[in-house]
Amino acid sequence: MKQILIGLLFISLYQPVFAMEHGGMIMDETGMIMNANPDQLPRDCPQISENKDITIHAGQQYAEKFTGKMFAFDTQEWNVKPCAKINITFINDDQIRHQLMIHGLPGYLYPDGMFHLELNGTGQLQASLILPSQKKTYLVHCELPQHMEKGMKAQLKVEGGDGDLPSIPGISEPIKADLYNTNWNQLSYAILAFSILIGAAIVLMSVIYSEQLTRLLAKLGAKLKRNSPSDLH
Ligand SMILES: [Cu+2]
């Protein structure tokens with residue numbers, strides 16, 4: 001009994017202090033790997049068609065060539081064969097957090113259809129995934145606030161993909177360009193309607209009370225004239 005208890009205690013203590021692994025997630029102090037899949041074949045793939053090593057850098061320096069952008073990956077597009085296994089080396093050259101997320105993957109292999117790498121700062125991660133046979137374009141991006149809008153957006157195409165995604169730096173135009181116009185929503189329409197009503201009310205009041213207003217202005221004019229410096233002499 002004593003040996004069993006000591007054994008159990010030993011097992012419970014024998015865990016890496018900083019690395020956690022549960023479900024499809026591996027996490028330590030440098031970053032996180034979620035939903036890596038190095039060996040499970042998608043249902044429509046009899047075998048792995050190709051083994052492709054891809055190194056992806058993330059950092060502000062890669063956005064310099066794109067006007068108005070602030071963050072970017074060093075490459076904006078990758079092409080692979082159907083049923084390819086991709087071995088990704090993700091390198092963050094910045095001292096801030098970046099992610100590499102791939103969306104639209106089959107949910108039975110990748111929870112929420114997502115493959116997710118994350119680095120809290122400068123560092124490197126490695127993980128693999130296997131893509132289905134479907135001819136498709138997958139969104140690759142960093143989901144931290146404003147990072148995708150500021151340029152950290154790319155696409156992964158299987159067998160040429162099914163078209164370009166919008167606003168991929170250097171590849172495709174945004175669906176809606178940044179115009180910095182007024183964003184017309186319910187509130188701004190309400191403010192406009194309110195301003196028109198107030199303006200109309202002022203005009204209406206001045207018409208209705210025009211007589212009183214004229215008298216008031218005349219009185220005011222007379223008072224001003226009385227107090228004007230020319231009268232002081
Ligand atoms: Cu980022």
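1. Ground rules before you click around. Residues are counted from 1 along each chain, following the sequence as written. Because the model is predicted, local features need pLDDT of at least 70 and side-chain atom pairs count only at pLDDT 80 or more, while totals for chains, interfaces and linings use all residues.

2. The sheet. Four strands make an open, mixed sheet, ordered β5-β4-β7-β10. Its edges are β5 and β10 (123-130), each of which pairs on one side only. Strands here are DSSP runs of E with at least two residues, helices are runs of H or I with at least four, and both are numbered from the N terminus. Two strands pair if DSSP finds at least two bridges between them.

3. Around β4. Strand β4 (residues 51-59) runs parallel to β7 (residues 85-92), with 8 bridges joining them. Look for Asn-51, whose bridge partner in β7 is Lys-85, and for Ile-54, opposite Ile-88. With β5 (residues 72-73), β4 pairs antiparallel over 2 bridges; there, Ala-58 has Phe-73 as its bridge partner.

4. α3 (residues 210-227) has 18 residues and spans 25 Å from first C-alpha to last, close to the expected 26 Å (1.5 Å times one less than the number of residues). The number of its 18 residues that are buried is 0, so α3 lies largely in the open. Buried means 20 or more other C-beta atoms within 10 Å of the residue's own, with C-beta atoms placed from the backbone.

Conventions
Buried ≥ 20, exposed ≤ 12 C-beta atoms within 10 Å, placed from the backbone.
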